[in-house]
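We will go stop by stop: select, look, move on.

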Amino acid sequence: MVEAQSTAVKPYNHWSMVKLFVALFVFNAAFFPVWKSLVDAWSSSEDYSHGFLIVPLAVYILWRKRQELARMDGEGNWSGLTWLSGALVLYLIAQVGGIATLASLSMVAAAFSGVFFLYGGQILRIVGPPLCFLLFAIPLPAQFLALMTIPLQLFVTKATVLLASWSGIPIYHEGN
């Protein structure tokens, strides 16, 4: 006789919750300077004010997956410790060098590797997309924006001149 596989939620695991809360506390304490610079960037620029919505939306996505997460076994993977160490080294380099974007990216990388280390790849597959969503909260460096916006402005100018000339509108193109 074939038994049906149960999809019932496992009993509440106190050690798993303790591990989660300790990890969240240590994570937020270690990356407090990054959180502070992100909040400063979000509150001081209209271009990045959407950052205030990203973290609650990521938490909401995780909350929606809570039943699926409760059914999983969260056995950690020791190779995640190697990745976590690399993310922390990257964070230290970013802090010493004053590179805010790199510090923010290292925070997301540390979150990924921390989940992998503490809970394993099965849970990381579920938690990964909301963690990737956090990348949208990181402001782009000014050098990257300048590198991208100037060619885009020139392209739009040339395309507009071309469309205007095709429609018979006399136009003179100089600069943007």
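**Stop 1: helix 6 and helix 7**

Select helix 6 and helix 7: they are roughly antiparallel to each other, because angles over 145 degrees count as roughly antiparallel, under 35 as roughly parallel, 65 to 115 as roughly perpendicular and the rest as oblique. Their axes come within 9 Å and cross at roughly 160°. Axes here are lines fitted to C-alpha atoms, for helices over the stretch in contact, and angles run from 0 to 180 degrees between N-to-C directions. Helices (H or I, at least four residues) and strands (E, at least two) are DSSP runs, numbered from the N terminus.

Before going on, know what you are looking at. This is a predicted model, where local features need pLDDT of at least 70 and side-chain atom pairs count only at pLDDT 80 or more, while totals for chains, interfaces and linings use all residues. Residues are numbered from 1 along each chain as its sequence is written, and side-chain values use heavy atoms, with hydrogens and water left out.

Back to the pair. Helix 6 passes helix 7 in a right-handed crossing. A crossing is right-handed if the near helix is turned clockwise from the far one by less than a right angle, and left-handed if anticlockwise.

Now color the contact (heavy atoms within 4.5 Å). On helix 6, pick Val108, Ala111, Phe112, Val115, Phe116 and Tyr119. On helix 7, pick Gly121, Ile123, Leu124, Val127, Gly128, Leu131 and Cys132. By class, these residues divide into 11 nonpolar, two polar and no charged. Ala, Val, Leu, Ile, Met, Phe, Trp, Tyr, Cys and Pro count as nonpolar, Asp, Glu, Lys and Arg as charged, and the others, Gly among them, as polar.

**Stop 2: helix 5 against helix 6**

From helix 5 they include Leu84, Ala87, Leu90 and Tyr91, and from helix 6 they include Ala103, Ser106, Ala110 and Phe117. The contact of helix 5 with helix 6 has 13 nonpolar, six polar and no charged residues.

Click Ser106, in helix 6. Is Ser106 buried or exposed? Its relative accessibility is 0%, so Ser106 counts as buried. Buried means under 20% relative accessible area, exposed over 50%, partly exposed in between (1.4 Å probe, protein chains only). Ser106 touches Phe31, Ala87, Leu90 and Tyr91, not counting residues up to four places away in sequence.

For a contrast, click Ser85 in helix 5. Ser85 has 37% relative accessibility, so it counts as partly exposed.

**Stop 3: helix 2 across helix 6**

Helix 2 and helix 6 pack at an angle of about 120°, with their axes 10 Å apart. That makes helix 2 oblique to helix 6. This crossing is left-handed.

Which residues meet here? Val34, Trp35 and Leu38 in helix 2 meet Ala103, Ser104 and Met107 in helix 6. The contact divides into five nonpolar residues, one polar and no charged.

**Stop 4: the core**

Show everything again. The largest nonpolar core has 27 residues, and Phe31 and Val34 have the most contacts inside it. Helix 2 (32-44), helix 3 (51-64), helix 5 (79-97), helix 6 (100-119) and helix 7 (121-133) each supply at least two of its residues. Helix 6 gives the most, with eight. A nonpolar core is a set of buried Ala, Val, Leu, Ile, Met, Phe, Trp, Tyr and Cys residues joined through side-chain atoms within 4.5 Å.

Zoom in on Phe31. Not counting residues up to four places away in sequence, Phe31 touches Leu88, Tyr91, Ser106, Met107 and Ala110.

**Stop 5: a loop and helix 8**

Select Ile138, in the loop between helix 7 and helix 8. Ile138 counts as buried, at 11% relative accessibility. Leaving out residues up to four places away in sequence, Ile138 touches Leu38, Thr101, Ser104, Leu105 and Val108.

With residues up to four places away in sequence not counted, Thr157 touches His173, Gly175 and Asn176.
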